[in-house]
Amino acid sequence: MIAVVNAGSGNIGSVVNVIRLLQHPVCIARKPDDLLEADTIILPGVGSAGSYMRRLEEGGLRSSIVDAHRSGVRLVGICLGFQVLFNGSEEDGGVECLGLLNGVVTDLKRHTGHAHTGWAPFEFERTYMSRSGYNPIYASARSRIVRGRVYYNHEYGYPLSPPDSGVGALSITDFSFDKFASMIIAGNVIGMQFHPEKSQKTGLSLLSMVL
Amino acid sequence: MRIGATLLFYEGMCIQSYGWGYFRPLGRLSNALSMLDRYQVDEVVLIRPVRSLDKQRSIEDDLEKLQGAFSLTPMCVGGGIRNVADLDRTLSLPVERLILNSGYVLLNEMLINAACERFGRQALVASLPVRMGHGNRLEVFASEKSTFISINSEIVEFIEAYGNEVVLHDCVNEGSSDKFDYRLLERSPFDQARTILSGGIGPSVTQWAHKEGVAAVHVDNRMLHSEFSVPRYRNV
């Protein structure tokens, strides 16, 4: 079962819709018990880090997500759901996040002057997952490579540093934002700064490969 | 530059609009979204053209119908969102961005803060239906008051502080092709890289907008006709 975490922010419907389109079993998790049957947890994200983390905490979901990760459940973070996987975020005056990935999410505007809204080219190979220790459960895609374009809408991002280089971390292929992470794979965690559920054919192909 | 499509949604169906005064049925939302997915439009903006005439029941019904919308394309929704209860209803919609008019133009800080908390500032778009007023000054329509007001520095600062992008909607030439009034962008106080043009968009306007470095153009009515669709605008 794929559990989509509802932390009271927008866009949950888009993520659930696309998983249903792929014909995978899916539920919306509003409380810790909803995660018990999950083999994959998706943290979707449209919102702000402070309110997102506060709602995870209030709903008792924060510790359940961390426990599930420790027990081997796959975590897929999307956009803000990706950002909260790190140790912290500069958003809302500084927020302590889930700490499942090392690093701090920073304000894009300090580097580029504005938020990132739009499409950028994207390429992903299936082998990136196996090399980084991630094994999808439902993978229905037969192709080995996904190529196309993906949609971004964010004003915070994770700045890549030399230790992040390698197959486990892809940067955004847009000149102004190429110092920031597009996707990170680490063990049973995959984080995507873009919105695969809104990236048309490319997003659908990617999700059918990584879920 | 992104090429988007504006879909007007009212009483459960899509409509074509000419100057926000004459409406013509366009068909079911699901069909329109499916076609726009197929054309790989960059984004879809769903607008309820309600202005001050909106009734609470009407927005509840429309938002309920939008819950069933399915699209693999980024979607933005707006029109009649004037309180926190309306905002909370949008949380269950399959949309990534909100487009708000009265909240920005009437400086409703409480509403905009609530929207930031739920969707994030990067997801907020200020909708500015504009026209050239007396003395070539830019005027914006405040939907909730059903009147045009001058864009003053207070409104500009508020939008810059609490919004990501701005839609300059040419409400005089809305529904027509290639008639967008270029003066609207020239007089606009907003950063062009964060500005979206809408109303009267056609291939020539798109070409000009691209040179001006705007973030996106939103094509209305015609985008659903394949002969006018996305490739034609991209190729300009």
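1. Helices (H or I, at least four residues) and strands (E, at least two) are taken here as DSSP runs, numbered from the N terminus. The model is a predicted one, in which local features need pLDDT of at least 70 and side-chain atom pairs count only at pLDDT 80 or more, while totals for chains, interfaces and linings use all residues. Residues are numbered from 1 along each chain as its sequence is written, chains are lettered from A and ligands numbered from 1 in the order in which they are written, and side-chain values use heavy atoms, with hydrogens and water left out.

2. β8(A) gives the largest share of the lining, four residues, and β8 (116–125) of chain A, like β1 (2–10), α8 (203–212) and α9 (230–235) of chain B, supplies at least two.

3. In chain A, strand β3 (residues 40–43) is covered on both faces, with Thr40(A) and Ile42(A) buried on one side and Ile41(A) and Leu43(A) buried on the other; buried means under 20% relative accessible area with a 1.4 Å probe, protein chains only. Strands pair if DSSP finds at least two bridges between them. β3(A) runs parallel to strand β1 (residues 2–5) of chain A, joined by three bridges, and pairs in the parallel sense with strand β4 (residues 74–78) of chain A over four bridges. Ile42(A) stands opposite Val4(A) and also opposite Val76(A) in β4(A).

4. Another part of chain A holds an open sheet of four strands in the order β6-β5-β7-β10, with mixed pairing. β6 (95–96) and β10 (156–157) stand at its edges with a single partner strand each, so one side of each has no neighbour in the sheet.

5. In helix α1 (residues 29–38) of chain B, Leu29(B), Ala32(B), Leu33(B), Leu36(B) and Asp37(B) are buried. These buried residues fall within an arc of 135° seen down the axis, taken from the directions from the helix axis to the C-beta atoms, so they line one face of α1(B).

Technical notes
Buried < 20%, exposed > 50% of the residue type's maximum accessible area, 1.4 Å probe, protein only.
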